[in-house]
Amino acid sequence: MSTVPINKEDLQGAHLGPLLFSLFINDIANILHGVDFCIYADDLKIYKEIKNIVDALMMQDVLNRLHAYIKLNNLSLNVRKCFVVSFTRKTTGFIYHPYEINGSLVQRKESIKDLGVIYDSKITFNDHVDSICSKARKMLGFVMRVGKNFRDPYTFTTLYNSIVRSHLEYASVIWNPFTSTQRNKLERVQHKFLAFVSAKCK
């Protein structure tokens, strides 16, 4: 019995694509022992607490096994789209280890965006708050421009909730602001909206 390799490009855009690809690589868990991981379709996250150099070498061994698995199954991996992020608030004793895949160094970053949320290495979410506030201000500017002739406060509230506030509240259960600086940045957007509506709907 022969098998035909599944071309990932053929599955992209298909409703069953993610499911079929997940079934195709369902046995990948067999080579990821020693670490924790999350996987959906072709998106794979590998994570492990690195306490010493032995843990770092174990992670590198997992990456070596992953490359062998990919090669065996006629798949491809773009190392340029792979990143390493170390999450810690320690100022000393940090284990910095360069990781490689097929001889190519995996780029190390201080923050990474995952499902619309920016995670920084210190887990402060400052970058995420700055990003969503910037998007919200741009959308608020759009609302103010298109609504310059509106007078109904309900219309403004609907527009604000749908295209401005939605940015400010997306996945907030994860990055819920815990500093006054972050809260003030978010509230400034809402205060600007309230001042605008108050002036327009007198």
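This is a predicted model: local features need pLDDT of at least 70, side-chain atom pairs count only at pLDDT 80 or more; totals for chains, interfaces and linings use all residues.
1. The structure contains 5 salt bridges. Three residues, Asp 43, Lys 45 and Asp 114, are joined in a salt-bridge network.

2. Asp 43 is partly exposed, because its relative accessibility of 35% lies between the 20% and 50% cut-offs. Lys 45 is also classed as partly exposed, at 29% relative accessibility.

3. Lys 45 also forms a salt bridge with the side chain of Asp 114, at 3.3 Å, N to O. Lys 45 belongs to strand β2 (residues 43–47) and Asp 114 to strand β7, so this pair ties together parts that are 69 residues apart in sequence.

4. Asp 114 has a place in the strand pairing as well: its bridge partner in β8 is Val 117. Strands β7 (residues 111–114) and β8 (residues 117–120) pair in the antiparallel sense, over 4 bridges. The two strands make a hairpin with 2 residues between them. In the turn, Leu 115 has a positive phi of about 55°.

5. A further salt bridge joins the side chains of Arg 65 and Asp 61, at 3.0 Å, N to O. Both residues are in helix α3 (residues 53–72), 4 residues apart, so about one helical turn separates them. Asp 61 is partly exposed, with a relative accessible area of 35%.

Terms used: Residues are numbered from 1 along each chain as its sequence is written. Side-chain values use heavy atoms; hydrogens and water are left out. Two strands pair if DSSP finds at least two bridges between them. A salt bridge is a side-chain nitrogen of Lys or Arg within 4 Å of a carboxyl oxygen of Asp or Glu. Buried means under 20% relative accessible area, exposed over 50%, partly exposed in between (1.4 Å probe, protein chains only).
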